[in-house]
Each structure stands twice: as C-alpha cells, then as structure tokens.
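Hi,

Here is the structure I said I'd pass on.

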Amino acid sequence: MKKISAIILILLMLVSFAACSASSKSDGFAGSAVNDNSFSYTSDETAGESIDLKTEDSGTGEVNTENEKIIKTVFLDVQTKEYDKYISALKASVISVGGYVESSESNMGIYEDSNRYANYVVRIPAEKLEEFITSAGENGKIINKSEEIKNVTLEYVDLESRIESYKAEKETLTGLLKKAESLENVLAIQERLSEVNYQIDSYTSQLNVLKNRVSFSTVTLNINEVERVSESKPTLWSEIKDAFSDNVKAVGEWLRSFVVGFVGGLPVIIPIAAVAVAVILIIRKAVKKRKAKRNILK
C-alpha cells in the first residue's frame with residue numbers, strides 16, 4: 001500500500017516539474033498548492049499550441065473571414081404617421097425573422113399637443129439583420145442609422161481554449177483520483193477538481209453569452225409619431241409648403257384654443273355680462289332722470 005502511494009506521489013511530482021519547465025509557455029492556468037508538502041498540479045495541455053482561425057489568403061488578395069465572430073449593434077431613428085400600424089408591423093417582423101423583443105418603453109402622448117413615441121431593443125438573428133432593417137423602413141421612414149461592429153474572434157477562441165484546457169485537466173485529475181489511496185492525496189485532488197469545475201462553468205457561461213451576442217444582433221429603434229415625415233433633402237417648394245402648413249396649423253390651434261376657452265368660460269362670462277348690462281342700464285336711467293330734472297328747473 002505504501003509503495004503504491006509513494007509511486008503516485010512521485011508521478012505527481014514529475015508532472016509538477018514538467019509543468020514548471022513549460023511555465024514560459026503556459027497560458028496562466030497554474031493550479032495552487034494542494035497539500036502541506038507543497039505538491040502542485042499544473043495544466044499545460046494547450047501550451048505552445050497554435051490556433052488556426054482559417055483566415056488564409058484565397059489567392060485573390062482577399063482574406064477569408066467566414067469564421068470570424070462579429071457582434072453587430074444597430075441604432076435606428078424612425079418617423080411614422082401611422083404609429084399603431086408601425087408598432088404592429090414591427091412586432092410581426094421581429095417574430096417572422098426569428099428574433100425577440102429584449103425591452104420596450106413607450107409614451108402614449110398624454111398631453112394634448114404631444115405625439116406618441118417608443119423605444120424598442122430587439123435581438124435579430126445575424127443572418128436576418130439586413131432583411132429586418134429593410135422591413136423597419138416600411139410604414140415609416142428611417143431618418144438616421146448608425147452601426148457598431150465588434151470583432152470578438154480572439155476572445156471567443158480564447159474562451160474555447162480555456163474550457164478545453166480545463167476539461168483536459170479535469171480528465172487527468174479524475175484518473176489520478178481513482179489511483180490515489182492516501183486521504184491526503186484524495187483531498188488535494190478533490191480540492192483542485194472543485195476549482196477546475198468552477199472555472200469550466202465560469203468560462204462556459206461567458207462563452208454562451210458571447211455566442212448569443214454573435215448569433216443575435218442588437219437593434220435599438222427610436223420611433224416617433226409625426227404629422228409630417230422629414231425629407232432627407234428638402235427642396236425650396238417643400239420648405240415653403242412646410243412653413244405655410246405650420247402657420248396654418250398654428251392659427252388653427254389658436255382659434256381652437258380661443259373657442260374652447262370662450263365656450264368653457266360661459267358659466268362665468270354670462271353672469272358677469274348680465275351684471276355689467278344691469279349696471280349700464282341703471283346708470284343710463286339715472287342719467288336720464290338727472291337730465292329730466294334739469295329741464296324742469298329751467
């Protein structure tokens with residue numbers, strides 16, 4: 001029993017020395033000490049390996065980037081005269097391309113002279129992005145578009161390499177655990193296994209988030225209800241027409257406000273007018289009496 005334990009300990013020490021000799025190539029995944037005798041276990045399966053991103057020259061001077069991992073984020077400012085129709089069509093378009101609404105908020109124009117507007121953040125499959133943007137211009141007009149592109153290929157590959165490295169270390173540790181006989185070695189290997197499993201879960205979670213961001217582009221839409229859609233390059237005639245219609249609208253709103261205020265104030269205006277008329281009649285009657293009295297005296 002003691003001989004087998006000694007053999008295992010010697011094997012572990014050899015693994016440790018081999019890892020130390022390759023530390024200059026290591027990707028930083030060194031394990032911590034796992035017992036009081038300064039025994040350590042180091043994963044070095046991927047040290048010195050080269051990663052092929054498949055970006056070879058195709059012979060035409062162009063680089064093949066089909067395996068690159070790209071995150072796209074698009075921002076759209078949209079104007080529409082058919083607000084309800086646009087929102088309904090937008091939701092239907094998101095579903096039709098296999099996307100989903102991540103968040104949304106809207107203002108329903110609670111004030112008399114305010115228009116409605118909404119903000120939507122949607123996730124669209126990367127291969128359907130252009131199709132969705134085209135549909136977003138229907139029932140409205142995209143007056144502004146901006147796009148952010150982030151290449152995360154290196155980050156993506158790095159996470160995959162870390163996960164594979166830890167999985168290889170886990171496999172090695174599992175094999176050593178089956179052969180370990182002393183309680184001290186068993187506890188040491190189990191402690192390292194726990195750390196390795198944690199790292200695998202952590203990096204896998206990060207990789208899944210990255211995969212989602214690459215697979216689904218993010219589109220933010222600021223949607224505004226308008227009475228007149230802005231023109232990209234207004235002509236002289238369109239500017240005159242817009243100015244005329246704005247003035248007509250202003251006069252109409254003033255008349256409307258006046259009528260509303262006048263009619264709404266009738267319960268107050270009528271009594272005041274009645275009192276004013278009565279006062280005037282009384283004054284006129286008093287003036288007539290004074291004139292008649294003066295004529296009699298003459």
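S205 comes out as partly exposed, because its relative accessibility is 42%, and partly exposed covers the range between the under 20% of buried and the over 50% of exposed. S205 sits in helix α5. Its C-alpha atom lies 9.9 Å from that of L159, although 46 residues separate S205 and L159 along the chain. Keep in mind that this is a predicted model, so every number here is computed from predicted coordinates.

That brings me to the pair of helices I'd open up next. Helix α4 runs over residues 153-179 and helix α5 over residues 183-215, and the two pack with their axes 9 Å apart at an angle of about 155°. That angle makes α4 roughly antiparallel to α5, because anything over 145 degrees counts that way. The crossing of α4 past α5 is left-handed. If you sort the residues of this contact by type, you get 15 nonpolar, 6 polar and 8 charged.

Helix α2 (residues 83-96) and helix α3 (residues 129-136) have axes that come within 10 Å and cross at roughly 170°. So α2 is roughly antiparallel to α3. Here the crossing is right-handed, with α2 passing α3. On the α2 side the contact is made by Y86, L90, S93 and V94, and on the α3 side by F132, S135 and A136. By type, those residues of the α2 and α3 contact split into 5 nonpolar and 2 polar, with no charged ones.

N139 is in the loop between α3 and β4 (141-151). Phi of N139 is near 60°, which is a positive value in a residue other than glycine. How accessible is N139? Its relative accessibility is 27%, so N139 counts as partly exposed.

Now for a strand residue. K72 belongs to strand β1, residues 70-80. With a relative accessible area of 30%, K72 is partly exposed. Which residues does K72 touch, once neighbours within four places in sequence are set aside? They are L129, E147, E148, I149, S217 and T218. Take L129 from that list: K72 and L129 are 57 residues apart in sequence, yet their C-alpha atoms are 9.1 Å apart in space.

Finally, the overall picture. The protein has 7 helices and 5 strands, and along the sequence they follow the pattern α-β-α-β-β-α-β-α-α-β-α-α. Of the 298 residues in the protein, 26% are buried. The accessible surface comes to about 20,300 Å², and carbon and sulfur atoms account for 57% of that. As for contacts between residues at least 6 apart in sequence, 77% join residues at least 24 apart.

If you only have a few minutes, I'd start with the two helix pairs: α4 with α5, left-handed, and α2 with α3, right-handed. After that, go to N139 for its positive phi and to K72 for its list of contacts.

Cheers

How values were computed
Residues are numbered from 1 along each chain as its sequence is written. This is a predicted model: local features need pLDDT of at least 70, side-chain atom pairs count only at pLDDT 80 or more; totals for chains, interfaces and linings use all residues. Side-chain values use heavy atoms; hydrogens and water are left out. Axes are lines fitted to C-alpha atoms, for helices over the stretch in contact, and angles run from 0 to 180 degrees between N-to-C directions. Helices (H or I, at least four residues) and strands (E, at least two) are DSSP runs, numbered from the N terminus. Angles under 35 degrees count as roughly parallel, over 145 as roughly antiparallel, 65 to 115 as roughly perpendicular and the rest as oblique. A crossing is left-handed if the near helix is turned anticlockwise from the far one by less than a right angle, and right-handed if clockwise. Ala, Val, Leu, Ile, Met, Phe, Trp, Tyr, Cys and Pro count as nonpolar, Asp, Glu, Lys and Arg as charged, and the others, Gly among them, as polar. Contact means heavy atoms within 4.5 Å. Buried means under 20% relative accessible area, exposed over 50%, partly exposed in between (1.4 Å probe, protein chains only). Accessible areas come from the Shrake-Rupley method with a 1.4 Å probe; for residues, only the protein chains shown count as cover.
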